[in-house]
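Hi,

Here is the structure I promised to pass on.

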Amino acid sequence: MKEKRISFGQGKGSLTHNNREFMADNVDPLRTPQNITFVRQPIGEAYDQLFAESTQRYNAKQKRNDRKVHGSYYEHLFGVKPCNTVRTAADKRKSFYEDVVQIGKMEDSGYGTEDFQLVADCLKEYMEGFQKRNSNFYVFNAVLHMDEATPHLHIDYIPVGHYKRGQDTQNGIAQALKEMGYGEGKQAIARWRAAEVEVLNAICLEHGIQPLAPEKARGTLEIPEYKEKRRQQRSFRRSRQRVKSSMLRLRKRLPRSMQS
């Protein structure tokens, strides 16, 4: 079997980039028509679909006007109109979350290699079951990019939790994970991600790919940015080592009385 590294990490969440409203330098526009859009719904529309009725129920119970949600639920949380980048509320809730999923590297699965289409097919199969597996993560935007160095998925979703106090349906990733069976606490998201990686591993094995353990988390960097960051870090380490070596050689040339 062919061995390939799995990459499964948090993305920045830029819908203009994902939907090619903005074309980055690493995109080949001639291959953009090959991208696969699984779902593309305006985030404002998604919020209304998920939370508008719950907001109405909540407001109907309030006797004081200052406790009601004024305007849309999105605007109530984030203080702005719905937009195509991640917004963070005062209580740290994010307007949406993004995961970036890739199989292999540019060298073994990139454009021009024999496995380019193979890994794309695996990612497509993985994405087609994502929403059913994750009923509390409402996917409003998902794209398979075929026009960069290596095929990869951008999956954007809104976590939906249900509560006994306050508004009965809210944006809440901790509650969403709990309702899907991943428990509570900081490790809940890690347990969820591990389960999703296992699904991807099984798909890879069915297609003759031996998946290797995922790389360490990339924070919120996109795949091209992460690779550039790694290159910069390696370059910095080499430069620092050269400076140390030069200082050591200079130190050896100095008279002993001047060395400290």
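Helices (H or I, at least four residues) and strands (E, at least two) are DSSP runs here, numbered from the N terminus. Keep in mind that this is a predicted model: local features need pLDDT of at least 70, side-chain atom pairs count only at pLDDT 80 or more, and totals for chains, interfaces and linings use all residues. Residues are numbered from 1 along each chain as its sequence is written, and side-chain values use heavy atoms, with hydrogens and water left out.

First, the overall picture. The chain has nine helices and seven strands. Out of its 260 residues, 42% count as buried (buried is under 20% relative accessible area, exposed over 50%, partly exposed in between, with a 1.4 Å probe and protein chains only). If you take the contacts (heavy atoms within 4.5 Å) between residues at least 6 apart in sequence, 67% of them join residues at least 24 apart.

Now a couple of loops. Glu148 sits in the loop between strand E4 (137–145) and E5. Glu148 is buried, at 3% relative accessible area.

Gln167 belongs to the loop that runs from strand E5 (152–162) to strand E6 (169–171). With a relative accessible area of 5%, Gln167 is buried too. What does Gln167 touch, leaving aside its neighbours within four places in sequence? The list is Phe51, Ser54, Thr55, Tyr58, Val69 and Tyr73. There is also Lys61, 106 residues away along the chain, with 9.9 Å between its C-alpha atom and that of Gln167.

Next, some backbone angles to check. Arg20 is not a glycine, yet it has a positive phi of about 60 degrees. You'll find Arg20 in the loop between helix H1 (15–18) and strand E2 (36–40). Lys92, not a glycine either, has a positive phi of about 80 degrees, and its loop lies between helix H3 (73–78) and strand E3 (97–103). Are these residues buried or exposed? Arg20 counts as buried at 12% relative accessibility, whereas Lys92 is exposed at 64%.

Then there is a helix pair. The axes of H5 (residues 116–128) and H8 (residues 188–206) come within 10 Å and cross at roughly 135 degrees. (Axes are lines fitted to C-alpha atoms, for helices over the stretch in contact, and angles run from 0 to 180 degrees between N-to-C directions.) That makes H5 and H8 oblique to each other; angles under 35 degrees count as roughly parallel, over 145 as roughly antiparallel, 65 to 115 as roughly perpendicular and the rest as oblique. On the H5 side, Cys122, Glu125 and Tyr126 meet Glu196, Val199, Leu200, Ile203, Cys204 and Glu206 of H8. By class, that contact of H5 with H8 has six nonpolar, no polar and three charged residues (Ala, Val, Leu, Ile, Met, Phe, Trp, Tyr, Cys and Pro are nonpolar, Asp, Glu, Lys and Arg charged, and the others, Gly among them, polar).

Cheers
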